[in-house]
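Trainee: Could you take me through this model slowly, and show me how each term is tied to its cut-off?
Mentor: Gladly; ask about each word as we reach it.

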Amino acid sequence: MGELRFNELRAEQVDYTIDRQERTFLPPADHCPLCPTRPGRTATEIPFASFEIAVFDNRFPAFAAPRGAAEVVVYTDRHDGSFATLAPARARALMWVWRERYATLAARADVEYVLIFENRGVEVGVTLHHPHGQIYGYPFLPPVPAAEAAADERLGGCAPCELLRRELADGRRVVYENAHVAVYVPYAARWPYEAHVVLRAHRASLPRCTAAELAGLADALQALTRGYDALFARPFPYVMAVHQAPTGGARAAPSPAAPGATDPGRAASDPVDPGGGAGGHVHVEFYPPLRTAEKLKYLAGSEQGGGTFIVDVLPEEAARALREAIAGAA
Amino acid sequence: MTEGRREPPSEPPSEPPSEPPSQRTVEAERVGPLLVERHRKADGRALILYRAVAEDGAETAAGG
């Protein structure tokens, strides 16, 4: 099991999980552990002949009970494709899965923050090509949501609400809108084609969203990811991260139905009010590493040594290109 | 950054499972438009399957 060490100079936790060195690495398609189990073949991670969406405990977890959680979310039993190519109904169903997992993990005493994410493409370290994402339940509040909480403080309220207001008023960096969600390249994007997918209404977490908002979120995510693939006419690598409220404050009255740990499949109907604590506004951030069709943006001297991103593309120009790509892919 | 249970490619692919693939269904419930089945894998890890269902409870084809 892993070991947490506090890095004093960076004021952050570092997680050492050396067992993960042994995890499956880019197996051929006929040995994919996320495909359904075929008759007469060794069982995969999902021992059924077919399925729609599956979630299971990561075999090589970065975090595990009683200090957090690590789960794998398989979007489909079809090996090829991506989030962008899912049928719209499947993408919408996935929002409900995220919602249920957030609520369940939020109820655990050993989970302080739930991060739903997807790494797409070998450029960002993917080791399995089958369409899937992951969920980490951190046993502490990581630096990024802590910085978002500090932004709330600095801006005197919900920072994503204020930033959304500014982006919609400006308009130059908005790339997609529907009734419930807006997508924009942020004013100070750190990646050339970074984009934020933001709920219009202030919702601290997915369990606080209406069914229509969840559908709007799925539609916006698919519009963006299809636009990404169209931008350079190639599968577009990215890291996708769902930002929601920290969960530590949601457990004012710990429930005996949420024992923590040993059962990550607990019911979402747990009586806690996940996402009802301070801070948080549902939005999904994309960090794509490409700066051109063939060239990657690397985190080099300035980014790693100084903590300052040097970016080759202005957000307004990136937004223009991305807006056209999304429209063309619709 | 991901994970797998399967043996490396050099392993014979036609070998049948040596253990029950899933011990039991722990529980089944509705969550929004989804039917949720909770299983335990043979090694004790949780496995949850989600299927789309219509308002009347009938399964729907949500596509892949």
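This is a predicted model: local features need pLDDT of at least 70, side-chain atom pairs count only at pLDDT 80 or more; totals for chains, interfaces and linings use all residues.

Trainee: How many helices and strands does chain A have, and what makes a stretch count as one?
Mentor: Chain A has six helices and eleven strands. Helices (H or I, at least four residues) and strands (E, at least two) are DSSP runs, and they are numbered from the N terminus.

Trainee: How do you know whether chain A is as compact as a globular protein of its length?
Mentor: The radius of gyration is taken over C-alpha atoms, and the globule rule is 2.2 Å times the number of residues to the power 0.38. For 330 residues that rule gives 20 Å, and the radius of gyration of chain A is 19 Å, close to it, so chain A is as compact as a globular protein of that length. Along the principal axes, its C-alpha atoms fill a box of roughly 50 × 45 × 45 Å.

Trainee: What share of chain A is buried, and what makes a residue buried?
Mentor: A residue is buried if 20 or more other C-beta atoms lie within 10 Å of its own, exposed if 12 or fewer, and partly exposed in between, with C-beta atoms placed from the backbone. Buried residues make up 49% of the 330 residues in chain A.

Trainee: Why is strand E9 of chain A called largely enclosed?
Mentor: Five of the five residues of E9(A) are buried, so the strand is largely enclosed by the rest of the structure. Ala195(A), Val197(A) and Leu199(A) lie on one side, with His196(A) and Val198(A) on the other, and both faces are covered.

Trainee: Which strands pair with E9(A), and how do you know that they pair?
Mentor: Two strands pair if DSSP finds at least two bridges between them. E8(A) and E9(A) (residues 195-199) meet this with four antiparallel bridges, and E9(A) also pairs in the antiparallel sense with E11(A) (residues 283-287) over four bridges. Val197(A) in E9(A) is the bridge partner of Val183(A), and Val284(A) in E11(A) is the bridge partner of Val197(A).

Trainee: How is E7(A) connected to E8(A)?
Mentor: A hairpin joins E7(A) to E8(A) through three residues, and the two strands pair in the antiparallel sense over three bridges.

Trainee: What makes strand E6 of chain A largely enclosed?
Mentor: Seven of the seven residues of E6(A), residues 132-138, are buried, so this strand is largely enclosed by the rest of the structure. E4(A) (residues 69-74) pairs with E6(A) in the antiparallel sense over six bridges, and five bridges join E5(A) (residues 113-120) to E6(A), again antiparallel. Ile135(A) in E6(A) is the bridge partner of Glu71(A), and Ile116(A) stands opposite Ile135(A).

Trainee: How do you know that the length of helix H4 agrees with its number of residues?
Mentor: The expected span of a helix is 1.5 Å times one less than its number of residues. The 21 residues of H4(A), residues 211-231, should therefore span 30 Å, and its end C-alpha atoms are 30 Å apart, which agrees. H4(A) is mostly covered, with 16 of its 21 residues buried.

Trainee: What makes a set of residues a nonpolar core, and which residues touch the most other members here?
Mentor: A nonpolar core is a set of buried Ala, Val, Leu, Ile, Met, Phe, Trp, Tyr and Cys residues joined through C-beta atoms within 7 Å. Of the 89 residues in the largest such core, Ala54(A), Val183(A), Ala195(A), Val197(A), Leu224(A) and Leu322(A) touch the most other members. The largest share of this core, eleven residues, comes from helix H1(A), residues 88-106.

Notes:
Residues are numbered from 1 along each chain as its sequence is written. Chains are lettered from A and ligands numbered from 1 in the order in which they are written.
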